[in-house]
Amino acid sequence: MCEPRRSIAAAIFALLCMGIASASTTVVHDTTLVPYTVVNGTIPRSLTAVPGNPAAGLAIVKNRKLGNCIACHSMPIAKEAFPGNVGPNLKGVGGYLSVAQLRLRIVNAKLINPDTIMPAYYRVAGLTDVAKKFVGKPILTAQQVEDVVAYLSTLK
Ligand code: HEC
């Protein structure tokens, strides 16, 4: 009588243990994206072989059709009219977040805070309400993510 129950409990326990063991390292394979590994709230490895270009990153964060980060964030950008204030001011962010932390934040901020309204810029699977032109494509390419991360890391 008790045996099946005990084995169910054992199975649940084993699953929980697996969950705990893998909690800090997740390998993400999102159909058309470069696979990446999330380790303790960071993506330690660059998504591309080419180092990010901070000037290109600045152009992306300002571009209303690309990053449009300024819809929600103030940044130390001269002459930028009407920045949003839904998100924190990003002045100095490169001083308190590492490149690896910034990379996860841009790739998929929901892996840090599931309730955030910040878009996941490098994600394809599991999205709803996607504009037609973005179906099957992330908002930013892997290289654009690296460019944005490179720009943010200059904000010391
Ligand atoms: C729709 C609004 C929105 C947009 C667009 C947006 N963010 Fe955010 N962002 C937020 C909010 C809100 C937070 C606060 C933390 C949270 O919600 O998890 C945040 C947090 C951050 C953080 C962490 C800051 C800290 O002090 O910890 C970084 C870095 C960041 N955003 C960068 C960007 C960049 C770069 C872009 C554009 C590529 C962008 N965000 C676009 C809303 C947004």
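To start with, how far does a polar side-chain atom of arginine 105 lie from an oxygen atom of the ligand?

A: Happy to! Please keep in mind that this is a predicted model. In it, a polar side-chain atom of arginine 105 lies 3.1 Å from an oxygen atom of the ligand.

Now for the wider setting. The ligand takes up the space of the largest pocket. Two or more residues of the shell around the ligand come from each of helix 3 (93-96), helix 4 (99-108) and helix 5 (142-152), and helix 4 gives the most, with 3 residues. The shell has 16 nonpolar residues, along with 6 polar and 1 charged. Of the 23 residues around the ligand, those that come nearest are Cys69, Cys72, His73, Thr116 and Met118.

Let's turn to the metal. His73, through NE2, and Met118, through SD, coordinate the iron atom of the ligand at 2.0 to 2.2 Å. This pair links distant parts of the chain, with the two residues 45 residues apart: histidine 73 is in the loop between helix 2 (54-62) and helix 3, while methionine 118 is in the loop between helix 4 and helix 5. The iron atom has 6 donor atoms, with angles of 87 to 178° among them, and its site is octahedral. For comparison, ideal angles for six octahedral donors are 90 or 180 degrees.

Technical notes. Residues numbered from 1 in each chain as written. Predicted model: local features only at pLDDT ≥ 70, side-chain atom pairs only at ≥ 80, totals over all residues. Heavy atoms only, no water. Near = heavy atom within 4 Å. Polar contact = N/O pair within 3.5 Å; in protein donor to acceptor, adjacent residues only side chain to side chain. 1 Å grid on protein atoms, 1.4 Å probe; cavity = no way out; pocket = protein on both sides within 12 Å on 5 of 7 lines; lining within 4 Å. Sits in = over half its atoms within 2 Å of the grid points. Helix = DSSP H or I, 4+ residues; strand = E, 2+ residues; numbered from the N terminus. Nonpolar A, V, L, I, M, F, W, Y, C, P; charged D, E, K, R; others polar. Donors = N, O, S within 2.8 Å, 3.2 Å for Na, K, Ca; no water. Tetrahedral: all angles 85-135°; square planar, octahedral: opposite > 155°, others 65-115°.
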